Amino acid sequence: MDMLWNIFFMFGGVAAMMLGMKTMGSALEQVAGGGMKKLLGKVTSNRFAGVGVGIAVTSIIQSSTATTVMLVGFVNVGLLTLVQATNVIMGANIGTTVTAHIVSLSGVGAIDIGAIAAMIGCIGILMAMLIKNEKVENIGNILAGLGLIFVGLEFISTYAKKIMFIDGSTPYPWVEMIFQADHFPLLLIVIGIVLTALVHSSSTITSLMVVLASIGVLSFENALFLALGSNIGTCITSILSSAGTNVNAKRTAIVHLLFNTFGCLIFIIPLWILKSQVGGIFASMSNDVGQQIAIFHTLFNILTTLILLPFAKYVVKLACIIIPEKQVEDSKFKLEFIDNRLLETPPIAASYTKKEIVRMGKIALSNINSAVEMLLDSKADNSEEIKENEEVLNYLNKSITAYLTKLMSKDMSDENDKKIGSYYHVVSDLERVGDYAENIMEYSLRLRSEEMSFSEGAIEELKNVTSLINSLYEKTINAFDDRDVSILPYVEELEEEIDELSVELESKHIERVKQGACTAQLGSIYLQTVSNLERVADHITNVAFSIKKYLASNKQAQ
């Protein structure tokens with residue numbers, strides 16, 4: 001029974017370490033969310049800039065898998081090209097090795113760094129619980145995650161020794177056979193692939209290798225090939241995540257697999273032949289085997305990147321051969337800027353949700369203009385376009401709302417949380433604009449069926465209202481997209497002008513009716529059109545002022 005309890009405690013340590021990594025990575029992401037957006041925005045065709053961004057982003061979120069899944073999402077919505085994503089992937093493999101170096105610190109010097117980190121973790125939890133400030137809470141969670149990592153390491157180290165050593169120093173025969181015997185490299189690589197694919201994290205497997213090596217369980221030579229395998233195994237998650245994406249997104253996942261596989265193939269034979277000499281070189285760098293593994297993992301990924309970076313375009317071409325282009329009919333019924341894979345990084349997902357909403361707004365305004373054109377020009381027939389766009393707006397309304405619901409369930413900063421909350425109302429307002437466009441289209445069809453038409457004066461009046469609505473929309477989108485409250489007074493001024501003009505037009509219409517210049521049926525359509533356009537202006541104004549409500553609630557919370 002003691003052995004069983006020891007196993008339970010060891011796996012509990014693994015769980016604590018993984019939770020610590022996740023907690024620290026999520027909190028770092030919250031702190032650096034804006035910086036990550038800027039970094040990803042700087043990704044260009046410059047290969048070195050791409051590698052640098054990959055290193056920086058993955059160092060923040062502590063997972064090359066998460067970075068690659070995010071890149072699959074970016075390529076899927078057209079925010080990055082395949083070549084740009086390839087450069088970032090190369091950097092991500094280097095950035096993910098940071099975790100192993102953090103773990104290896106537990107064996108440094110006479111000072112018990114693990115105990116200090118555990119105490120720091122306790123301080124972090126108290127900061128997050130007691131101080132009601134978002135920035136302090138995020139810093140507290142970073143410290144708490146760091147503490148959890150070292151607490152987990154202590155559990156793994158303590159109970160692994162009890163499980164694997166007879167008297168604390170002599171390993172059981174099965175331990176020597178599994179972890180220390182001279183195994184065939186390909187077998188170790190396969191084991192590394194399988195283990196990493198199961199836990200979806202090369203950082204976790206590498207960290208466990210560092211711990212087991214530090215306590216004398218795992219030999220450095222075997223760790224070399226397990227590390228090669230873990231680099232390939234980490235690609236499985238991104239390949240699975242590419243299901244249902246476009247061709248280039250699938251190619252991104254394949255590029256990740258090709259890059260890591262080629263790196264393994266380049267080094268497997270030299271490491272197999274020269275493993276004793278390699279062991280001696282790394283032993284001269286550090287007395288701790290765990291640190292030797294962490295250093296090897298970093299150097300391996302750096303060398304692989306330096307070797308393969310000049311051939312990145314050829315790796316991309318090979319991925320294009322593996323995943324050939326397919327002729328797919330373009331469809332408006334899709335989300336162009338948001339993707340479920342972006343949910344891995346909520347700050348970035350929130351940013352691109354705004355872009356999707358702006359796109360929805362453009363479609364809604366286009367429908368209003370098309371409907372008014374039909375109403376004023378009997379030769380224009382935009383009915384099919386309007387109906388199709390209305391279906392697209394309904395699709396976007398449902399899809400964006402569902403995406404916002406998923407995004408709201410993620411750990412986000414208070415600022416992003418309130419911003420996403422305000423988006424629900426914006427999407428609803430834009431959907432209503434589309435409904436009014438459909439109403440105006442029906443009025444135009446009614447005019448044609450009854451062979452009626454507006455007077456030149458009425459046409460000019462409606463053109464004037466529509467022109468003001470287009471100006472209102474332009475200012476609204478600028479305010480919404482840039483979160484610029486300085487534009488709101490101009491929005492309000494335009495909205496009031498449209499309201500006043502609507503009242504004026506109703507009065508003019510009454511005069512025309514009195515003079516017999518307008519029939520009751522035609523007048524009814526005219527009044528309904530003016531009323532619909534006035535309501536469109538109200539909904540567009542709501543979109544602009546949604547930023548004021550969000551900023552006010554955010555300021556009040558602070």
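Which helix gives the most to the nonpolar patch?

Modeller: This is a predicted model, in which local features need pLDDT of at least 70 and side-chain atom pairs count only at pLDDT 80 or more, while totals for chains, interfaces and linings use all residues. Residues are numbered from 1 along each chain as its sequence is written, and side-chain values use heavy atoms, with hydrogens and water left out.

The answer is H10, which gives 7 residues to the nonpolar patch; helices here are DSSP runs of H or I with at least four residues, numbered from the N terminus. The patch covers about 1,100 Å² of surface, and among its residues are Phe184, Leu187, Leu195, Ile269 and Trp272. The areas come from the Shrake-Rupley method with a 1.4 Å probe, and for residues only the protein chains shown count as cover.

Helix H10 spans 185-199, and both H10 and helix H14 (247-273) supply at least two residues of the patch. Leucine 187 lies in H10 and is partly exposed, at 45% relative accessible area, where buried means under 20%, exposed over 50%, and partly exposed in between. Between leucine 187 and phenylalanine 225 there are 8.7 Å in space, C-alpha to C-alpha, although they are 38 residues apart in sequence. Leucine 195 also belongs to helix H10, and with a relative accessible area of 38% this leucine is partly exposed.

Note on methods: Patch = residues over 30% accessible without salt bridge, like charges linked within 9 Å, V, L, I, M, F, W, Y side chains within 5 Å. Salt bridge = Lys/Arg side-chain N within 4 Å of Asp/Glu carboxyl O. Buried < 20%, exposed > 50% of the residue type's maximum accessible area, 1.4 Å probe, protein only.
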